[in-house]
Amino acid sequence: MMGIAWSLLGSPALRLIDSETAHSISMRVMRGFGETSAGQNMLNALYRPPEVPIEVFGKMFHHPLGLAAGFDKGAEALMAWSAMGFSWTEYGGVTRYPQDGNPKPRMFRANRHKALVNKMGFNNPGASEIRKRLISRKSEDKWPKTPVAANIGRSKKVPNEHAADDYASTLDILWDHADMFVLNISSPNTPGLRDLQGQEYLSSILRSCNKVREMKGASKPILLKLSPDNSDDEILETVSLCLSSGVDGIVATNTTIKRPAPLSTQSRKAFSSDGGLSGRPLNSRSLEVINLVYGETQGKIPIVGVGGIESKETAWEAIISGSSLIQLYSALVFNGPTVVSSIVKGIKSRVITRLSRLLIVFGISISIFGLMMVTVDPQVQYSVDEVMSEPERFERENIFVRGIVLPGSMDYDELVFTLQGSTEELIVDFKESPIPDGFDEGRTIAVRGMLKSEHSSDGTLIWIIESFEIQTGCPSKYEA
Ligand SMILES: Cc1cc2nc3c(=O)[nH]c(=O)nc-3n(C[C@H](O)[C@H](O)[C@H](O)COP(=O)(O)O)c2cc1C
């Protein structure tokens with residue numbers, strides 16, 4: 001049943017079914033069968049990915065990959081997405097007032113490009129109705145154990161001058177019904193919405209939303225979702241406003257209004273429609289934006305990478321470009337649910353797997369890795385296993401390592417910790433110096449440096465990072 005529903009979305013034989021109908025059929029199956037315990041067991045058995053735990057915003061995620069906004073606008077299948085293997089789900093976009101969205105047809109496939117074009121226009125039942133549904137979901141014990149985000153858009157009938165109140169009201173209504181919130185000012189399908197990225201509108205939206213948060217007295221993260229179509233300078237301005245206004249994270253990116261050259265009649269038709277393009281052709285600009293944002297934020301706030309992630313390679317690139325979490329939408333349509341576990345398996349293979357007593361020694365100070373990823377410049381990535389199996393090959397290379405400090409035990413000059421979900425140990429030795437301040441559990445740290453390998457007398461591989469710079473001290477533990 002599940003397989004049939006998904007083949008409706010992806011199968012070339014069923015291209016004649018329009019994309020929105022295929023999506024509705026899949027949603028029906030997910031909110032019906034996928035929300036029952038039998039359905040969840042089946043999804044789990046078929047698609048369950050491995051664990052690659054990561055802590056972001058003070059929450060543990062089973063791995064970095066979540067379902068992007070727009071697929072489950074009405075939060076109707078939250079248990080099913082979690083059972084399918086997504087480590088978190090973003091429902092919405094939700095607006096303060098109910099909306100039908102734009103007239104149909106409003107969703108088009110371009111199979112040769114693995115791309116979608118949509119001009120849905122925030123069709124959703126409105127914040128109050130969604131809140132009601134979420135309350136009854138909780139009372140039926142149908143709230144997933146994985147983190148849930150709410151995507152908030154501006155109501156079509158509300159002019160930009162009143163956008164700040166509109167976003168704040170929706171945030172207020174949904175406050176108890178999500179773990180984090182994404183302010184969407186970047187959809188191309190609501191007239192004037194992207195103008196809200198201007199400094200004046202945006203600061204007033206952020207001020208109103210911060211007020212709601214203060215009133216609630218709880219510290220839930222608020223993120224901002226960016227458009228890939230803004231110039232680099234505009235993006236940098238927005239990001240610096242985010243940093244000074246208490247935004248907790250950036251989602252990069254939404255869909256684009258740009259189009260590649262069409263490769264078929266079907267894609268010509270899709271690309272000639274107004275709206276936002278997602279999927280493979282969006283990937284390169286999305287990566288550029290992630291890199292740009294990371295350069296500006298230097299890890300001070302986490303980035304959620306989204307746009308054309310469809311494989312372990314594209315997922316990995318988004319991660320090493322600076323994303324702490326990632327999301328996808330289009331790849332679920334074209335590749336089906338197996339895409340989740342195949343991406344997560346790919347990420348895991350590049351993260352420490354069979355690591356026995358890797359000793360990392362730093363000449364002067366710092367760094368600790370829990371979830372560890374290694375990149376060797378320029379732009380080529382290797383797994384830790386690869387580097388360890390041939391350390392000489394990487395001698396004097398400039399490496400980039402990024403990771404999270406997971407709970408462990410600390411000595412005066414040595415820190416031992418165990419990777420979450422595994423029994424492997426990492427030891428970081430500070431050569432008889434005290435462990436410097438800042439090495440808190442839950443922190444994400446990245447280091448760039450020259451690698452020099454050695455073996456100790458008992459055969460343990462030692463990496464000596466001779467020179468390095470801290471790229472980020474990302475406060476992944478969320479603080480008010
Ligand atoms: C049909 C459709 C509806 C979408 N609706 C929303 C939305 O309501 N809010 C939002 O922030 N993004 C929305 N998106 C954008 C996605 O969340 C995501 O940013 C974009 O599709 C790029 O990811 P992908 O290439 O993996 O699809 C939508 C995308 C599609 C295809």
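Visitor: Where is F122 found?
Guide: Look in the loop that connects strand 6 to helix 5 (127–139). Keep in mind that we're looking at a predicted model.

Visitor: And what makes F122 count as buried?
Guide: The cut-off is 20 or more other C-beta atoms within 10 Å. F122 has 26 of them, so it's buried.

Visitor: What is the phi of F122?
Guide: Phi is near 50° there, which is a positive value in a residue other than glycine. K114 also gets a mention: its phi is positive, about 50°, although K114 is not a glycine.

Visitor: Where does K114 lie, then?
Guide: In the loop between strand 5 and strand 6.

Visitor: Why does K114 count as buried?
Guide: The threshold for buried starts at 20. K114 has 20 C-beta neighbours inside 10 Å, so it counts as buried.

Visitor: Why is D172 called partly exposed?
Guide: Exposed means 12 or fewer neighbours and buried means 20 or more, with partly exposed in between. D172 has 18 other C-beta atoms within 10 Å, so partly exposed is the label it gets. D172 sits in helix 6 (residues 163–174).

Visitor: How far apart are the C-alpha atoms of D172 and V212?
Guide: They're separated by 6.3 Å, although D172 and V212 are 40 residues apart along the chain.

Visitor: Which peptide bonds have which omega? Let's start with G92 and G93.
Guide: The bond joining G92 and G93 is cis, with omega about 5°. G93 belongs to strand 4. From K104 to P105 the peptide bond is cis too, with omega near -5°, and P105 falls in the loop between strand 4 and strand 5 (107–110).

Visitor: Which strands form the open sheet, and in what order?
Guide: The order is 5-6-11, three strands with antiparallel pairing.

Visitor: Which way do the residues of strand 11 point?
Guide: G276 and S278 point one way and L277 and G279 the other, and all are buried.

Visitor: Which strands make up the closed barrel?
Guide: Eight of them, running 3-4-7-8-9-10-12-13, with parallel pairing. The twist there averages 25° from one strand to the next.

Visitor: What makes strand 10 and strand 12 a pair?
Guide: The requirement is at least two bridges. Strand 10 (residues 249–252) and strand 12 (residues 303–306) have three, in the parallel sense, so they pass. I250 stands opposite I303 in strand 12.

Visitor: How many residues surround the ligand?
Guide: There are 27, and the closest are G70, G93, S278, Y329 and S330. Strand 4 (88–94), strand 6, strand 11 and helix 12 (330–335) each supply at least two residues of the shell.

Visitor: What is the shell made of, by class?
Guide: Twelve nonpolar, 14 polar and one charged. Gly goes with the polar class in that tally.

Visitor: How many helices and strands are in the protein?
Guide: 14 helices and 22 strands. Buried residues make up 49% of its 480 residues. Among contacts between residues at least 6 apart in sequence, 73% join residues at least 24 apart.

How values were computed: Residues numbered from 1 in each chain as written. Predicted model: local features only at pLDDT ≥ 70, side-chain atom pairs only at ≥ 80, totals over all residues. Helix = DSSP H or I, 4+ residues; strand = E, 2+ residues; numbered from the N terminus. Near = placed C-beta within 6 Å. Contact = placed C-beta atoms within 7 Å. Axes fitted to C-alpha atoms, helices over the stretch in contact; angles between N-to-C directions.
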